[in-house]
Amino acid sequence: MKVYINGRMVDEKNAKISVFDHGLLYGDGVFEGIRVYHKKVFTLQRHIDRLYRSAKAIALEIAMTPDAMSKAVVRTCKQNGITNGYVRLIVTRGVGTLGLNPYLCKQSQVIIIAGGIQLYPVELYEEGLSIITVGTMRNHPEAINPRIKSLNYLNNVLAKIEALNSGAMECVMLNPQGYVAEASGDNIFVVQGDRLRTPPVWCGALEGITRAVVMELAQDMGYTVKEDVLTRYDLYTADEVFLTGTAAEIIGVGVIDKRPIGAGRPGPVTLQLAERFKAYTREEGTLIE
Ligand code: PMP
């Protein structure tokens, strides 16, 4: 595997960055996870846009244009012969001192890794996930705003630990007001009849790209889609609940806090949307050539 580091394609074993990089020392940086389907980079522009918004939110200057960044992603996929896969795009604050001061970091670092991913075992897409609500809250928007896809994922890691320690693979995170925010690495939707609802980003959700695509596709399919404040009541009483994310795609939730959701397995709306999403992955994308 060849890894892109600051404009150079480096062999995997030589793909190294400094121990003084503030990405490592402080989780100071931003990232994106991007899918490749059928030799096309899926929703690339949306990921690049979010990356630059995240960077702006943390006052991180990326020393290349969004267009050059898109091209670098495509180039890395091409060099690695990726047809279907997963790209991790990382921008760190760069090398600095052992102090916090980000302004002493001279140059941000751009790293692009093109490989593969399988987040959940395939059978769980038919059976549904069993998840729990965890005590670890989503960050307050005036702390690290959850809209920032930063390298500082400890909040999510702590939530994930809680879930895993209870035998669940994912969790529902609430915000400091007690409203549903999202899962530790995915957005969440509830289905009631032909109505889909998902928490607005101000409730502590990342502005997920899969979430946005699903909202658009669902609307086209005739569903009513609404961003809404949700509590656990809405989850427990939903016909269906599903999660969305670049790596997870669309996965149904069968059980939350040991309570069956609807029939206790992915429902018809979830499965229909997953099917439509799959078709869309053939339609959309930036060709790797
Ligand atoms: N929420 C969090 C916390 C995430 O890390 C992610 C990405 N894995 C998502 C939601 C889903 O976002 P996207 O659809 O853009 O991958």
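Tutor: The following account begins with the core and then turns to one helix and the cysteines. This is a predicted model, in which local features need pLDDT of at least 70 and side-chain atom pairs count only at pLDDT 80 or more, while totals for chains, interfaces and linings use all residues. Residues are numbered from 1 along each chain as its sequence is written, and side-chain values use heavy atoms, with hydrogens and water left out.

A nonpolar core is a set of buried Ala, Val, Leu, Ile, Met, Phe, Trp, Tyr and Cys residues joined through side-chain atoms within 4.5 Å; buried means under 20% relative accessible area, exposed over 50%, and partly exposed in between, with a 1.4 Å probe and protein chains only. The largest such core has 28 residues, and Val41, Ile62, Met69, Leu89 and Val110 have the most contacts inside it. At least two residues of this core come from each of strand S3 (29-37), helix H2 (44-57), helix H3 (66-79), strand S5 (85-92) and strand S6 (109-115). Helices (H or I, at least four residues) and strands (E, at least two) are DSSP runs, numbered from the N terminus.

Beyond its neighbours within four places in sequence, Leu89 is in contact (heavy atoms within 4.5 Å) with residues including Val30, Ile48, Met69, Val73 and Val110. A second, separate core of 22 residues includes Tyr120, Ile188, Ala238 and Ile261.

In helix H6, the buried residues include Ile209, Val213 and Leu217. Just after H6, Gly222 takes a positive phi of about 100°. Finally, Cys203 counts as buried because its relative accessibility is 0%.
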